[in-house]
Amino acid sequence: LCSGDVWDSATAQGLAEALRAGAQTATIQSIRVWRSQASRPLPLNTVAMLKMASDELGIGPGDSMALAERLYLKGILSYPRTETDKYPENFDLRATARVLAAPDAPWRDHAMA
């Protein structure tokens, strides 16, 4: 079924189910479990946002600004045509992440890639 490292839970679960069904036998050589924590991302100014959208997502500047405008109108971003790089004290990062991860979000496929 698989040889080598397994890095994601879905693959590991699939292998475990196949083994339970009697597919084959397996030897687990080692298990490593860890937690990690990422720092809050630094805000992007407009130029940096456009560059990142192009470099990381392959989205052109017109589409990037249109998406940023939509996010702004939903209250997710600060005004996209500003050069500010500060989050307000009352910025709710967790709520923003929930909105960005919504199953019906039009940008979800880009974010999950």
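Helices here are DSSP runs of H or I at least four residues long, and strands are runs of E at least two long, both numbered from the N terminus. On that basis this predicted model reads α-α-α-α-α along its sequence, with five helices and zero strands in the protein.

**The overall picture**

Buried residues make up 13% of the 113 residues. As for how the chain folds back on itself, take the contacts with a separation of 6 or more: residues 24 or more positions apart account for 41% of them.

**Helix α3, end to end**

Helix α3 covers residues 61-73, and it makes a handy place to start. Its 13 residues, at 1.5 Å a residue, should span 18 Å, and the end C-alpha atoms do sit 18 Å apart, so expectation and model agree. Just past the end of α3, G75 takes a positive phi of about 80°.

Which residues of α3 are buried? They are S64, M65, A68 and L71. Looking down the axis of α3, these buried residues fall within an arc of 120°, so they line one face of the helix.

**Where α2 meets α3**

The axes of α2 and α3 come within 9 Å and cross at roughly 115°, and the crossing is right-handed. At the meeting point, T46, M49, L50 and A53 supply the α2 side, while P61, S64, M65 and A68 supply the α3 side.

Setting aside residues up to four places away in sequence, S64 touches M49, L50, A53 and I59.

Leaving out neighbours within four places in sequence, L71 is in contact with I76, L77, L100 and W107. How far apart are L71 and V99 in sequence and in space? They are 28 residues apart along the chain, with their C-alpha atoms 9.9 Å apart.

**One salt bridge**

Searching the whole structure turns up one salt bridge. It pairs K51 with D55, and the closest N and O atoms are 2.6 Å apart. Why are the two separated by about one helical turn? Because K51 and D55 are four residues apart in helix α2. K51 is exposed, at 51% relative accessible area, whereas D55, at 49%, is partly exposed. The line between those two classes is drawn at 50%, so the pair falls on either side of the cut-off.

Here are the accessibility values for the residues discussed above:

| Residue | Relative accessible area | Class |
|---|---|---|
| D55 | 49% | partly exposed |
| K51 | 51% | exposed |

Methods: Residues numbered from 1 in each chain as written. Predicted model: local features only at pLDDT ≥ 70, side-chain atom pairs only at ≥ 80, totals over all residues. Heavy atoms only, no water. Expected span 1.5 Å × (residues − 1). Buried < 20%, exposed > 50% of the residue type's maximum accessible area, 1.4 Å probe, protein only. Arc of directions from axis to C-beta. Contact = heavy atoms within 4.5 Å. Salt bridge = Lys/Arg side-chain N within 4 Å of Asp/Glu carboxyl O. Axes fitted to C-alpha atoms, helices over the stretch in contact; angles between N-to-C directions. Left-handed = near helix turned anticlockwise from the far one by under 90°.
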